[in-house]
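Let's take a walk through this protein chain together. Have a look at the sequence and the 3D picture first, and then we'll go through them step by step.

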Amino acid sequence: MRFIIKLLLLLFLGFQNSFSGQKITDDSLMKKAQLEIYDNPEKAISIGKSLLKKEKDAKKTITIYLLLSTANIAKRDFDTSLKYILKAKELAQKTNDPKTQTTVLVSVAIQYQQMELFSKSLETLDEADQYLSKLPDDTREKHFEVARINAIRGMIYKSQSNSEIALKKFLKSIEHFEKISQKKSTYANMSVVYYNIGYCYLNLNQNNKAEQAFLQSINYAQKNQAKSLEAFALKGMSELYKQKREHQIALNLLIKAENLCKNTGDLILNEGIYKEMADNYLAMGNQNLYQVYNKKYFEMHFKRTQNELNSINQSIDNHNKETFLKSEELKSRHYYLLASVIGFGTLIIAILLIFIFKIRKENKKYHKEIQQMIRS
């Protein structure tokens with residue numbers, strides 16, 4: 001279930017809510033783009049780019065960058081997504097606003113988690129915690145970011161096959177999402193977290209709790225009218241029935257999921273659905289359909305792998321760039337320090353030489369006076 005690890009991207013459509021109180025240049029277009037992220041990311045990207053061309057305000061530009069980054073993750077274009085998220089990070093550093101900086105850093109951590117650069121993700125989360133501590137307690141922004149951070153850490157633990165610790169993080173995430181008064185804004189987020197809770201229970205062989213979690217995920221997805229989120233939850237539910245060897249019920253759920261996500265272009269979702277369909281058809285002895293969906297699965301797997309490789313290369317390039325800049329900064333500091341030491345040393349030597357020459361001159365003068373006194 002390696003593909004499940006990357007699901008966390010769907011948690012974070014709510015980033016724009018962290019900038020509540022702002023008015024986007026064209027509010028209706030922005031809202032439309034936000035609604036299109038899950039089921040039609042290309043449309044969201046198109047709207048985001050049109051808004052970006054005419055936006056001048058730094059914080060609003062950051063919001064659009066995050067929208068474009070999330071939409072590109074939804075279509076599994078990690079390379080482009082990374083470029084937008086790093087632009088948002090660079091711009092956020094100039095704002096001196098802890099709320100904006102926290103939101104962007106958490107989103108960057110998500111990007112790294114998606115790419116399975118877990119140490120980099122955790123490092124970014126630690127940085128985000130420093131800004132998070134500056135936000136007032138018991139506010140929407142604080143609960144929202146705490147929920148996101150716990151969800152990311154849960155995903156990392158789950159990827160390391162530590163479902164018990166991951167489950168604690170996910171449940172804490174839900175706890176903080178539920179403290180947000182604007183419940184509707186958290187429906188998509190809670191759908192994704194419950195989906196992952198379902199898999200934790202599934203891994204722990206607690207099937208009844210897993211089923212309840214998947215049902216919760218479906219419920220919140222439907223409330224948000226997010227077809228792809230519902231498709232993910234249906235796929236999770238199908239695995240329960242596959243374990244029970246009720247393969248036809250599992251296939252019915254998967255067929256419904258496949259129909260729901262036709263327009264998303266989500267490689268990971270399609271890959272997971274096709275793999276499950278192939279497994280169920282094989283278990284039922286239907287070799288023809290097994291071959292059809294197994295082929296689709298490998299096609300999706302290949303495309304996803306290529307996208308991830310491109311993203312990792314981009315990440316390496318960015319890491320090398322950051323390392324180079326830090327190296328140049330250290331070199332500059334080293335040269336400045338060396339020049340300061342040399343300058344200070346030269347000054348001290350010059351002062352000492354002046355004193356030495358002055359003392360010698362005075363000694364010669366005293367020596368002459370003593371000689372004259374002796375002769376007289």
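Predicted model: local features only at pLDDT ≥ 70, side-chain atom pairs only at ≥ 80, totals over all residues.

What about the chain as a whole? Its mean pLDDT is 82, and 82% of its residues reach 70 or more. Among the elements, helix 8 (residues 163-178) has the highest mean pLDDT, at 95, while helix 14 (residues 287-375) has the lowest, at 72.

Now for the overall build. You'll find 14 helices and 0 strands here. The chain has 376 residues, and 49% of them are buried. If you take the contacts with a separation of 6 or more, 67% are between residues 24 or more positions apart.

Let's zoom in on one pair. Helix 9 (residues 187-203) packs against helix 10 (residues 207-223) with the axes 8 Å apart and an angle of about 165 degrees. Because that angle is over 145 degrees, helix 9 counts as roughly antiparallel to helix 10. The crossing of helix 9 past helix 10 is left-handed.

Who makes the contact? On helix 9 the residues include Tyr187, Met190, Tyr194 and Leu202, and on helix 10 they include Ala210, Ala213, Phe214 and Tyr220. Sorted by class, this contact has 13 nonpolar, 5 polar and 2 charged residues.

Conventions: Residues numbered from 1 in each chain as written. Heavy atoms only, no water. pLDDT = per-residue confidence, 0-100. Helix = DSSP H or I, 4+ residues; strand = E, 2+ residues; numbered from the N terminus. Axes fitted to C-alpha atoms, helices over the stretch in contact; angles between N-to-C directions. Parallel < 35°, antiparallel > 145°, perpendicular 65-115°, else oblique. Left-handed = near helix turned anticlockwise from the far one by under 90°. Contact = heavy atoms within 4.5 Å. Nonpolar A, V, L, I, M, F, W, Y, C, P; charged D, E, K, R; others polar. Buried < 20%, exposed > 50% of the residue type's maximum accessible area, 1.4 Å probe, protein only.
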